[in-house]
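Please open the structure in your viewer and keep the selection panel at hand. The stops below are meant to be taken in order.

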Amino acid sequence: MSKLHTGPAVNDAQTITGERYTDVYYEYQPNAVELSYQEKDGIFVYECANGLALKVEVVTENIIRFRFALEGSFERDFSYAIDPEASYRAPKITIGGDATHYFIHTEKLHCRIGKSDLKVSLLDAKSQQVICEDAAPFYARRSIHHGVELVKITKSALANENYFGLGDKSGNQNLLGHQFQNWNTDSFAYEKDSDPLYRSIPFYYGIHSGMAYGIFLHNTYRTHFDFNSKHNGQTAFWADGGEMDYYFIYGPHSMEVAERYAWLTGRAELPPIWALGFHQCRWSYYPESRVYEVAREFRDRKIPCDAIYLDIDYMDGYRCFTWDEEHFPNPKGMIDDLREQGFQTVVMIDPGIRVDPKYPVYREGLAKNMFCYRSSGELMRGPVWPSDCVFPDFTRAEVREWWGGLYQKLYNEHGVSGFWNDMNEPAVFKVNSATCPDDVLHHYDGQLTNHRRAHNVYGQQMSRGSFEGLKRLKPEKRPFVLTRATFSGGQRFASVWTGDNVASWEHLRLANLQCQRLSASGFSFVGTDIGGFKNQPDGELFVRWLQLAVFHPLYRVHSMGNNVDGAAEAEAEVIHEAERSNRVDQEPWSFGDENTQLARQAIEFRYELLPYIYTSFRLYTVSGQPLLRSLFLYDPTDEENLRRESEFLFGPHLLVIPILQPGLQSQKGYLPGGRWYDYWSGILYEGQQEVTLPVSAGLIPILVKAGAVIPNYPVQQYTGEKAFDKISLRVYYGELSSELYEDAGEGYAYQSGAFRLRTFHTAPGTKTFSLKQNQEGSFKTTYAVFQIQLFGLPFEVTQCKADGKELSFRKEENYLLIEAPEGFGELVVGGK
């Protein structure tokens, strides 16, 4: 029911002429009197006498959506998060009830709705075990000053329940016992447990009794999550406005939850393969002679690299889509020269448009009414890098289309390969909120609203405008967009990185956790500023970070370097707290000869693994399975997997145990269920145990699932440098299926069948081992030979045949080496 109250405002105290104001607020909870019920096409509506209504939509047999309307009128069904391609038809549903509950049953889920309070319980259809249930009725509050200011659901925290996900958080992997909020925030040099950070992903996993589910809070306002922080047996989530709208996603396996959430909110498309190579960045590389110098060093030192980034100082006075002609007199010529050497060029674009009547982007945006306004009718203006900026309203389709067209000169004429959308929380300097005021208005694609609702999707819609614009400008190319701020569903448009971190061992640990968490939350194309953005690492920390980041899809070094190369001063008083001092370098050769060799070794390993990485990325695009897989995604029935947070799987078959402390000579790690081989030595370990593994300066512990086939390319200085005549397959004794996916690495011909998908099946027998291959697609690879390295064979090999033809073989220290034609159907080794 609704109650009227008069009293102090619930939000932070505000003053008017020095006195506290009072507010009137109304509370809403279900009232069972005269409760009515409607059903149509798998959508059920339960309405109370006081007008409060619950709408239940059965999306699939594993996904149910719940929406509450305070006075019977639901908001328009519109979403920036849900993938438009996620079409569905309601599954088979059985309905019923008893004296106290309504029932909605699918083949996987039983949903019970209390007739007295609309409390929801969800049970496994087969076992009838409770998966998730409300601990209290829905609650909402609105006030005269703020309108709807709270909509809240409270769930029971079941015995031994653990929580994961929630995207961009810098705390421990398990969320149990903590409270969080989502509000995209410029978080320079954030710390452990800093909250909120740059991205808002209101999705989490609950796991108990070996069962996993997910909840996606489909609300773009500032949202809050409490995972039993008060130890009262309750978990709650709420928003500071809008409608209570959430999706319940059932597994029961945690990986099934990840796949279904990715289906619901979308997956990234395949990137150009160069985007998975090594990238070098700093604030800032200029003038062009400095860019040439960095490129030359990479090639002279034979350290692979695919991309060089240009930070804000390439612009003319921080005017986006321009060049500083003094420092870059011939940008097209420079970019062409870099491309001939194998380098792609990526440049930064911010949302803040400099107020300058002579600046064409500002002038055109003003004439076409593309910028955000306050409720007073004034333009929203504020300092970012320029002292006075306006901000495009990316929640308007016309603005996104205009914005996308602004890339034409950089992308089509100058040949820039990718774009880095930064500062798009949006960040505003010199104000306590660090962003736009609440009264800034946004179109919201047809539903005029304020910044409270639009803030968290601002960066997502900026990157959407960038991504869609690049596709229009060059439909034959795969866009590469990197964004700092985003929202659930933003993975469809851009990769992400974890923001302005710090060069410390603590931040190396956070990098490991954040990338795992983001990957589990839908954002698989993720990375960090390797080595740390603020301050400078020592050589050991830098190398260990490079070794970890081999297993982050975005592999980029970035640092502020005290911004000595960035000599163009921002408008003086709005510079970040970073002050210029002596130049600090953070290239792979910056830490002495020994560390240069170790850095080269790590980066070369990344290039060797590219076919495995690209194949795993393709698997993510078609299935939603994250590239980085925390152990809770591997097997939620193993309690130890729920406690472990350093170890993770990369793709389906590699287990990574990173080195997160200095000076280690060995590292303990937990091996989940199954059998695992040391990637390097081929030593076999049984799973579900903690092991101690050797560590060297150049190698971190990596294990391979028994039976896996891991493809390796020869080292290149950049992707596409070489046409291979042979590639390697590392095959580990056991039984399993593996894939190798290849295409042109650019363009969309793969969507018409121009790809090569090889599926390998390994099977041990009595003194035999077979490797079968099936192939799909029309893409022709350049290589004719597989160099097959067989690890872990438990017998002495006496013969080897491919499709019945004898092959020679050679015993190496740790493996058996065989060269086989790439088109073989079955390879069999036998022995005694």
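**Strands first, then the cavities**

Select strand β10 (residues 101-105), which is largely enclosed by the rest of the structure because 4 of its 5 residues are buried, buried meaning under 20% relative accessible area with a 1.4 Å probe and protein chains only. Strands here are DSSP runs of E with at least two residues, numbered from the N terminus. The model is a predicted one, in which local features need pLDDT of at least 70 and side-chain atom pairs count only at pLDDT 80 or more, while totals for chains, interfaces and linings use all residues. Residues are numbered from 1 along each chain as its sequence is written, and side-chain values use heavy atoms, with hydrogens and water left out.

Gly96 has Phe103 of β10 as its bridge partner, and the two strands form a hairpin with 3 residues between them.

Next select strand β11 (residues 109-114), which pairs with β10 in the antiparallel sense over 5 bridges. Here Tyr102 is bridged to Ile113 of β11, and a hairpin through 3 residues joins β10 to β11.

Finally, turn to the largest cavity, where a cavity is a set of points on a 1 Å grid over the protein atoms alone at which a 1.4 Å probe fits but cannot get out, and lining residues have an atom within 4 Å of a point. Of its 20 lining residues, Glu75, Phe78, His218, Tyr444 and Arg453 lie nearest the centre.

Methods
On a 1 Å grid over the protein atoms alone, a cavity is a set of points where a 1.4 Å probe fits but cannot get out, and a pocket is an open set with protein on both sides within 12 Å along at least five of seven lines; lining residues have an atom within 4 Å of a point. Buried means under 20% relative accessible area, exposed over 50%, partly exposed in between (1.4 Å probe, protein chains only). Two strands pair if DSSP finds at least two bridges between them.
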